[in-house]
Amino acid sequence: LKSSKAELKDTIKEYAVIVFGKRGCCMSHVVKRLLQGLGVNPPVYEVDDEDENEVISELERINGGGGDNRDRGRVQFPAVFIGGQLFGGLDRIMATHITGELTPILKKAGALWL
């Protein structure tokens, strides 16, 4: 893993929107293109296979995963963080886009100025 755990947390805070995904994953590309279509150009943090478990564990820790509700902190790639918080993956991005809820969320996070 090229970046330290502190750098990972800082990276999440630095960007209004950031996408974490496996290197070469087409789903990460789909998420990025959808966000670009809305006017957001999120960085994509590509994770190599050998670093996947370590990065997922760290993202779950940053997100406050664990506890009683097992799914709440669960991170799967591609993972989209909006406003420093785990928003979800492709399914959640698509669902909130279709209902029209995604744009206001992106505006609130400072990713859009429209």
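**Helix α3 and its surroundings**

Guide: The buried residues of α3 pack against α1 (5-14), β1 (17-22), β2 (44-47) and β3. Please bear in mind that the model is predicted. The helix α3 spans residues 52-62, and its buried residues are Glu-52, Val-55, Ile-56, Glu-58, Leu-59, Glu-60 and Ile-62. The spacing of such positions may be read with a general rule in mind: an α-helix has 3.6 residues a turn, so residues three or four places apart point the same way.

Let us consider the partner helix, α1. The axes of α1 and α3 come within 10 Å, crossing at roughly 60°. Because of that angle, α1 counts as oblique to α3. The crossing in which α1 passes α3 is right-handed. On the α1 side, the residues that meet α3 are Lys-5, Leu-8, Lys-9 and Ile-12; on the α3 side, they are Val-55, Glu-58, Leu-59 and Ile-62. Sorted by class, this contact has five nonpolar residues, three charged residues and no polar ones.

After α3 comes Gly-64, which has a positive phi, near 75°. In the loop between α1 and β1 one finds Tyr-15. Tyr-15 has a relative accessible area of 34% and is therefore partly exposed. The C-alpha atoms of Tyr-15 and Gly-110 lie 9.2 Å apart in space, although 95 residues separate the two in sequence.

In soluble globular proteins, nonpolar side chains tend to be buried together. The largest nonpolar core here has 16 residues, and those touching the most other members are Val-17, Leu-35, Ile-82, Leu-102 and Leu-106. At least two residues of this core come from each of β1, α2 (26-37), β3, α4 (90-98) and α5 (102-108), and α2 gives the most, with three residues. Apart from this core lies another, of 15 residues, including Ile-12, Phe-20, Leu-59 and Val-75. Both Ile-12 of α1 and Leu-59 of α3 take part in the contact of the two helices.

Conventions: Residues are numbered from 1 along each chain as its sequence is written. This is a predicted model: local features need pLDDT of at least 70, side-chain atom pairs count only at pLDDT 80 or more; totals for chains, interfaces and linings use all residues. Side-chain values use heavy atoms; hydrogens and water are left out. Helices (H or I, at least four residues) and strands (E, at least two) are DSSP runs, numbered from the N terminus. Buried means under 20% relative accessible area, exposed over 50%, partly exposed in between (1.4 Å probe, protein chains only). Contact means heavy atoms within 4.5 Å. Axes are lines fitted to C-alpha atoms, for helices over the stretch in contact, and angles run from 0 to 180 degrees between N-to-C directions. Angles under 35 degrees count as roughly parallel, over 145 as roughly antiparallel, 65 to 115 as roughly perpendicular and the rest as oblique. A crossing is left-handed if the near helix is turned anticlockwise from the far one by less than a right angle, and right-handed if clockwise. Ala, Val, Leu, Ile, Met, Phe, Trp, Tyr, Cys and Pro count as nonpolar, Asp, Glu, Lys and Arg as charged, and the others, Gly among them, as polar. A nonpolar core is a set of buried Ala, Val, Leu, Ile, Met, Phe, Trp, Tyr and Cys residues joined through side-chain atoms within 4.5 Å.
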